[in-house]
Amino acid sequence: MPGLSLAAYEYSIYTVQKIVDEGCFIPRDELDTMLERLREKKNLILQGPPGTGKTWLAKRLAYALTRKRDDSRIRAVQFHPSLSYEDFVRGWRPAGNGQLTLTDGPFMEMVESAHADPEHPHIVLIEEINRGNPAQILGEMLTLLEVDKRNPESALALLYRKESDERVYLPPNLYIIGTMNIADRSLALVDLALRRRFAFVSLFPRIDDTWQKWVHDTCAIPMKILVLIQRNLSEVNKKIAGDSQLGPQFQVGHSYVTPSQGTTIADPVQWFINVVETEIFPLLEEYWYENPKKAEEARNLLLRGF
């Protein structure tokens, strides 16, 4: 790059190591595997319990894929129950003159951007991919997502065509990263057609020594407090994982007890108590809504020693 020394250029490249440095507690070799699967499959879903950093990691995997911390080739959207194919891919929408106009949604906009810039990866981040109806929202794109159909020969006509002979295919430099909360009982199961087109990576709580060191070094929380948090939260997660009505997918993630980088915690004990009372305990009450006593016991276990 003109104007940059070699050292400065290398420092500017966003790598997997930078994901680790910014507070990811997943071992680097696992992150390398995720990135490799994304490159190979083109489509990746991060699934896991609440608070396991799915959204945070999805964004940084996108940075690592593009090799720079730049959102210009990344488009984030969120699926929800009322989202439709017409919203996401293409549909008729009101124009300023009172007429309807055929308009591309965010997905087709990214398809066009990737076609126009084939030398660089372009990424669509789909939050809560199972909160909507993926098969209905994606339509023909569900077929075109496949790696071996990323070519002109596999192009399909869309439900709404701008020209009678229009055919669309997804370029090989377009990538999809989705996130999926597997603990929410209200969300739809992902059908087999979608599962076959995505690589799935499961994230689980990382309340370990790596977490301790990072929080201590970046937020100056005393290690003795972090040891207590680790012990108590790990015991609660064991109870959740062993509950026949819940399971490992309902564990409490480390994000709940990981302050943002550079955050100053004036009173670490009160900070943790507040997190338990206003964030974790309401989650436990939802888990054990038919047995409030279990939720109370888990809260007391979390606060043991504080």
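**Group meeting: a walk through the predicted model**

Let me start with helix 3, residues 28–41, which lies across strand 1, strand 6 and strand 7 and runs at about 140° to strand 1. Helix 4, residues 54–66, also packs on the sheet, where it touches strand 1, strand 2, strand 5 (122–127) and strand 6, and its direction makes about 165° with that of strand 6. For these angles, axes are lines fitted to C-alpha atoms, for helices over the stretch in contact, and the angles run from 0 to 180 degrees between N-to-C directions. Helices (H or I, at least four residues) and strands (E, at least two) are DSSP runs, numbered from the N terminus.

Residues are numbered from 1 along each chain as its sequence is written, and side-chain values use heavy atoms, with hydrogens and water left out.

Now the overall picture. The protein chain has 13 helices and 7 strands, and its C-alpha trace spans about 70 × 60 × 40 Å along the principal axes. Of the 306 residues in the protein chain, 48% are buried, where buried means under 20% relative accessible area, exposed means over 50%, and partly exposed is in between (1.4 Å probe, protein chains only). Among contacts in the protein chain with a separation of 6 or more, residues 24 or more positions apart account for 70%, a contact being heavy atoms within 4.5 Å.

Turning to the sheet itself, in what order do its strands run? The open sheet of 5 strands has the order 2-5-6-1-7, with parallel pairing, and two strands pair if DSSP finds at least two bridges between them. Strand 2 (74–78) and strand 7 (199–202) stand at the edges, each with a single partner strand, so one side of each has no neighbour in the sheet. From one strand to the next, the twist averages 20°. As one example of the pairing, strand 1 (residues 43–48) and strand 6 (residues 174–181) are joined in the parallel sense over 6 bridges, and Leu 44 stands opposite Ile 177 in strand 6.

Next, the nonpolar cores, each defined as a set of buried Ala, Val, Leu, Ile, Met, Phe, Trp, Tyr and Cys residues joined through side-chain atoms within 4.5 Å. The largest has 35 residues, of which Ile 240, Val 257, Ile 280 and Leu 284 touch the most other members. Helix 10 (209–219), helix 11 (223–242), helix 12 (268–287) and helix 13 (292–302) each supply at least two residues of this core, and the largest share, 9 residues, comes from helix 12. If we leave aside residues up to four places away in sequence, Ile 240 touches a set of residues including Leu 246, Phe 250, Val 252, Leu 284 and Trp 288. There is also a second, separate core of 29 residues, which includes Ile 45, Phe 107, Ile 137 and Leu 144.

On to charged pairs. Side chains of opposite charge can pair when their charged atoms come close. With a salt bridge taken as a side-chain nitrogen of Lys or Arg within 4 Å of a carboxyl oxygen of Asp or Glu, the count comes to 22 salt bridges. Arg 197 and Glu 146 meet in one of them, at 2.9 Å from N to O. Arg 197 lies in helix 9 (residues 192–197) and Glu 146 in the loop between helix 8 (141–144) and strand 6, so the pair ties together parts that are 51 residues apart in sequence. Arg 197 is buried at 8% relative accessibility, and salt bridges that share partners join Glu 146, Asp 148, Lys 149, Arg 196 and Arg 197 into one network. Glu 146 also meets Lys 149, at 3.7 Å from N to O; Glu 146 is buried at 14% relative accessibility, whereas Lys 149 is partly exposed at 24%. Elsewhere, Lys 68 forms a salt bridge with Asp 70, the closest N and O atoms being 3.6 Å apart, with Lys 68 partly exposed at 35% and Asp 70 partly exposed at 25%.

Cys 24 is buried, with a relative accessible area of 6%, and Cys 219 is buried at 4%.

How values were computed. This is a predicted model: local features need pLDDT of at least 70, side-chain atom pairs count only at pLDDT 80 or more; totals for chains, interfaces and linings use all residues.
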